[in-house]
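Please open the structure in your viewer and keep the selection tool at hand.

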Amino acid sequence: LSIYEASRMFIGDAWKLSLSKFDQITTNNSEVLRFRVYIENLLNTYENMRIALFTGFYSQYDEIIRIFDIVVVLGIVVTVVLIVAFIWVFRLIETRKFELMKQLMTIPTNLIDAGLLRLQTEYELYFGVKIPITLSEHNSNMSEKKKSSKSSSNKRKITKTNETSLLAVSLWMLIPAIYIVSYYVITNIYFKLKTDQTIPFINNIDMVSKAIHYPGYSLGLLTQLTNLYDFPESLEAQTILAEEILAKYKETNTQMVNMMQTASGTILTSNAASDELKERYLNISGVGVCDDIIAYPNYQDCFTAFQNAAELGFASTSQKLFEYVSAVQAKFLANSSLETVLEIYADPIINNDRAATSLQVDSTVIENMEIGTSNLVDIIDKLQWTLIIFMVVGIVQMSSVLFLMWRPFNHRITSQYLDCRRIFAILPIDMISDNKSIMFILKKQDNTQFGL
């Protein structure tokens, strides 16, 4: 049988037995026989599935935390790489620009002298007039100092006005760096806190799902023990299993009681707890716990069972049921005889208090698990949508950073281009005004037949 088919059969048999009177359930009943054959395998399968499920929850949680850390590291690395690349490109453009300006503004003297001599020769051949040219090496010291001082001052002015230091660029790039990294860090902290909020709810469902079958399983084993009072060998083997299950029942019951006593200060204080979950714990903290079996005939007995234990809520009824199972099992194992069995089943508690409380405990645990799971699903859905929103905002933020970096970069390129145009527009005039030989040629040309 598959787990699905076995579970359907198990639920059908349980429902049929729940409609039968207690004194009509015998060891020869077909449902009882199937329970005895399959119950242990079904419970083991359930426990293995439960362990695999919650192990996957916790491993996924660790994986999500690691992914958040990896995203932060990648964000920082990408930011640093972009900034370093931007600074490198910026400095490369700056260096190239000043190399061009240096070559343009520092034309070698011998090149100027050679050009003037060639101009003198061609002018004499064409006009028949030899123009006097003073080479740079024959210029007066005062003239050289004056021109050198003027050229140097111009270069210093250009350098001081346009060149941006590496330190200034690096400090300016701290703005987008802090902008990007802070977003990644804040997002990492936010989602870690939001993910941590799911852990108490997962632990709660884990604990409830682990405790769900122990009350009924312990009661079933107790009934089986009493049926083996005259089979010592079978009784001894079954006693080992009953004591093992009772020990686990004690552990899970203690966790359930502690959960109810601390719920108001733990999971219910979280802003992730839904109104339905808060209302649920409020109801089962008092006599409203019996409303979980309002459709059953044991409903009225729930209020008075075990000396009105329901008045103190689920923690009280769960503890009373465990104490009853533990006391009866200890009583029977102390004296495994027919008289003890008859005394146990003659107690009216078995038909009223135990039946009502065991049904209520099972129903409450199942309802708690269902509502707790629904609340956890809502938390994860909200977390998923929030993560999508942060991803979209992150894309917009990166785009804004590129815009923030490109705008001043483009503005600087434009301004430098305009500066270069101004330089090339003014440079010929400065060269002519600084060179008396060229001015002499232009002046002489005005006196020729070709002058205007």
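The stops below concern helix packing and aromatic pairs.

Please bear in mind throughout that this is a predicted model.

**First stop: helix 7 and helix 10**

Select residues 232-262, which form helix 7, and then residues 314-334, which form helix 10. The axes of helix 7 and helix 10 come within 10 Å and cross at roughly 160 degrees. Angles over 145 degrees count as roughly antiparallel, and helix 7 and helix 10 are therefore roughly antiparallel to each other. Their crossing is left-handed.

Now display the side chains at this contact. On the helix 7 side, the residues include Leu235, Leu246, Tyr249 and Met256; on the helix 10 side, they include Phe314, Phe322, Val325 and Leu333. Sorted by class, the contact of helix 7 with helix 10 has 14 nonpolar, six polar and two charged residues.

**Second stop: Tyr249 and Phe322**

Remain at this contact and select Tyr249 and Phe322. How are the planes of this aromatic pair arranged? The pair is edge-to-face, with 85 degrees between the planes and 5.1 Å from centre to centre. Because Tyr249 lies in helix 7 and Phe322 in helix 10, the pair ties together parts that are 73 residues apart in sequence. Tyr249 and Phe322 are both buried.

The crossing of helix 10 and helix 11 is right-handed, whereas that of helix 7 and helix 10 is left-handed.

Which residues meet here? Val328, Lys331 and Phe332 of helix 10 meet Thr340, Val341, Glu343 and Ile344 of helix 11. By class, this contact has four nonpolar, one polar and two charged residues.

The model has nine aromatic pairs in total. Select Tyr183 and Phe390: their ring centres are 6.4 Å apart and their planes stand at 35 degrees, so the pair is tilted. Tyr183 belongs to helix 5 (residues 166-211) and Phe390 to helix 12 (residues 353-434), and the pair links parts of the chain that are 207 residues apart. Tyr183 is buried, with a relative accessible area of 17%, whereas Phe390, at 24%, counts as partly exposed.

Conventions: Residues are numbered from 1 along each chain as its sequence is written. This is a predicted model: local features need pLDDT of at least 70, side-chain atom pairs count only at pLDDT 80 or more; totals for chains, interfaces and linings use all residues. Side-chain values use heavy atoms; hydrogens and water are left out. Axes are lines fitted to C-alpha atoms, for helices over the stretch in contact, and angles run from 0 to 180 degrees between N-to-C directions. Helices (H or I, at least four residues) and strands (E, at least two) are DSSP runs, numbered from the N terminus. A crossing is left-handed if the near helix is turned anticlockwise from the far one by less than a right angle, and right-handed if clockwise. Contact means heavy atoms within 4.5 Å. Ala, Val, Leu, Ile, Met, Phe, Trp, Tyr, Cys and Pro count as nonpolar, Asp, Glu, Lys and Arg as charged, and the others, Gly among them, as polar. Rings of Phe, Tyr and Trp (its six-membered ring) pair if their centres lie within 6.5 Å; planes under 30 degrees apart count as stacked, over 60 as edge-to-face and the rest as tilted. Buried means under 20% relative accessible area, exposed over 50%, partly exposed in between (1.4 Å probe, protein chains only). Angles under 35 degrees count as roughly parallel, over 145 as roughly antiparallel, 65 to 115 as roughly perpendicular and the rest as oblique.
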